Amino acid sequence: MTAAGFEHALVTGGAGFIGSHLCTALREEGVRVTAVDNLLSGTLANVAHLRSDPDFVLLRADVTEELHVAEPVDLVLHLASLASPVDYQRLPLETMRVGATGTERMLELARAMDARFVLASTSEVYGDPLEHPQPETYWGNVNPVGPRSMYDESKRYAEALTMAYHRTHGVRTGICRIFNTYGPAMRPSDGRAVPTFVRQALAGEPLTVSGDGSQTRSVTYVDDLVRGILMLAASDAPGPVNLGNPRELTVLQLAQDVIEAVGSPSRIEFIERPADDPTVRCPDIAQARDLLGWEPRIAWEEGLRRMLASIVPASDTVYDRAGSST
């Protein structure tokens with residue numbers, strides 16, 4: 001990692017999937033951490049291992065409201081958002097507010113403390129892309145009034161606001177566009193492909209693949225992503241910078257690989273494809289390589305093995321290769 005130059009980091013969404021991994025990585029490098037989370041989608045369990053650490057503080061608070069931080073911070077990592085389709089479609093107004101008001105409040109905090117500010121944006125800003133792979137120069141193909149628009153547009157607005165603070169107030173900002181990420185601490189009911197397939201395979205249920213499964217995703221193991229975010233934070237690059245795995249897999253292949261890795265008797269069940277579901281998704285990571293020296297190191301198969309190792313011991317049902325439960 002590369003965050004050792006910072007003394008005190010504020011991580012919004014710090015009890016979420018990616019946020020909790022970031023908090024852990026920062027503490028491993030000796031950076032004091034204040035995590036902020038309203039626990040709408042984050043969980044205390046994600047940061048339970050840090051709660052006894054005197055240099056880790058968890059504030060249960062909403063970043064759309066006034067926030068008081070006891071000590072100066074020199075790094076703000078803004079990950080607060082409802083990133084799962086299950087969550088942002090259930091709470092669309094909250095999703096928009098955190099992207100707008102929440103981002104502005106955190107930018108103001110970074111401005112007041114002269115801190116480096118890094119926005120966790122998303123590959124969803126590319127929508128259902130017409131350019132493939134997607135470079136940062138691509139402006140995207142987003143339906144602004146569709147069923148996914150609350151998330152897509154909240155992040156597009158947050159990016160615009162971040163750049164406005166950079167240009168107008170000189171805030172030292174960075175934007176990373178995060179592609180599909182997986183790993184330990186994802187909620188089984190998250191709604192995204194990998195945790196859904198893992199949950200279904202462990203239960204011996206059919207794996208529900210949208211459409212014919214030919215749509216593609218590029219999945220990144222969370223440790224690789226965290227390393228990229230911290231490398232961006234330690235740089236002076238304003239971004240946006242794509243952080244994702246350029247290896248493209250079909251959704252059907254992801255499902256088949258999960259069944260094989262679990263040794264599950266599950267079968268594939270094809271269901272209706274959601275509206276505005278992207279047909280392709282794959283990052284051009286030339287900027288990440290050139291500006292940060294970053295690229296993913298952990299292959300999909302190895303990352304899946306690590307994810308399963310973190311889940312299976314606590315699972316009620318584990319299958320051997322013959323498909324019988326143990």
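Figure 1. A185 is situated in the loop that runs between β7 (181-182) and α5 (193-203); helices (H or I, at least four residues) and strands (E, at least two) are DSSP runs, numbered from the N terminus. The model is predicted, so that local features need pLDDT of at least 70 and side-chain atom pairs count only at pLDDT 80 or more, while totals for chains, interfaces and linings use all residues. Residues are numbered from 1 along each chain as its sequence is written, and side-chain values use heavy atoms, with hydrogens and water left out. Although A185 is a residue other than glycine, its phi is positive, near 85°. A185 is partly exposed, with a relative accessible area of 35%; buried means under 20% relative accessible area, exposed over 50%, and partly exposed in between (1.4 Å probe, protein chains only). L39, likewise not a glycine, has a positive phi of about 65°. L39 belongs to the loop between β2 (32-37) and β3 (56-60) and is buried, its relative accessible area being 17%. Most residues other than glycine have a negative phi, and most peptide bonds are trans.

Figure 2. H132 and P133 are joined by a cis peptide bond with omega of about -10°. P133 lies in the loop between β5 (116-122) and α4. A cis peptide bond also links G239 to P240, where omega is about 5°.

**Figure 3. Packing of α3 against α4.** Two packed helices are described by the angle between their axes and the distance between the axes. The axes of α3 and helix α4 (residues 149-169) come within 8 Å and cross at roughly 15°; axes are lines fitted to C-alpha atoms, for helices over the stretch in contact, and angles run from 0 to 180 degrees between N-to-C directions. The two helices, α3 and α4, are therefore roughly parallel to each other, given that angles under 35 degrees count as roughly parallel, over 145 as roughly antiparallel, 65 to 115 as roughly perpendicular and the rest as oblique. The crossing of α3 and α4 is right-handed; a crossing is left-handed if the near helix is turned anticlockwise from the far one by less than a right angle, and right-handed if clockwise. Residues of α3 that meet α4 include T95, G99, T103, L107 and R111, and those of α4 include M150, S154, A158, L161 and H169. The residues of this contact divide into 10 nonpolar, 7 polar and 3 charged; Ala, Val, Leu, Ile, Met, Phe, Trp, Tyr, Cys and Pro count as nonpolar, Asp, Glu, Lys and Arg as charged, and the others, Gly among them, as polar.

Figure 4. T95 is part of helix α3 (residues 92-113) and counts as buried, with 0% relative accessibility. Its contacts beyond four places in sequence are L82, Y88, M150, Y151 and S154, where contact means heavy atoms within 4.5 Å.

**Figure 5. Packing of α5 against α9.** The axes of α5 and helix α9 (residues 300-311) come within 12 Å and cross at roughly 55°. This angle makes α5 oblique to α9, and the crossing of α5 and α9 is right-handed. V194, P195, V198 and L202 of α5 form the contact with W300, L304, M307, L308 and I311 of α9. The contact residues comprise 9 nonpolar, no polar and no charged.

Figure 6. G303 is located in helix α9 and counts as buried at 0% relative accessibility. G303 and G183 are 120 residues apart along the chain, and their C-alpha atoms are separated by 6.8 Å. Not counting residues up to four places away in sequence, G303 touches Y182, Y221 and I298.

**Figure 7. Nonpolar cores.** In soluble globular proteins, nonpolar side chains tend to be buried together. The largest nonpolar core has 62 residues, and L26, L77, I229, V258 and W300 have the most contacts inside it; a nonpolar core is a set of buried Ala, Val, Leu, Ile, Met, Phe, Trp, Tyr and Cys residues joined through side-chain atoms within 4.5 Å. Helix α6 (residues 222-234) supplies the largest share of this core, 8 residues. Leaving out residues up to four places away in sequence, I229 touches I18, L22, L77, C176, I178 and L243. A second, separate core of 22 residues includes L107, F117, L161 and V171.
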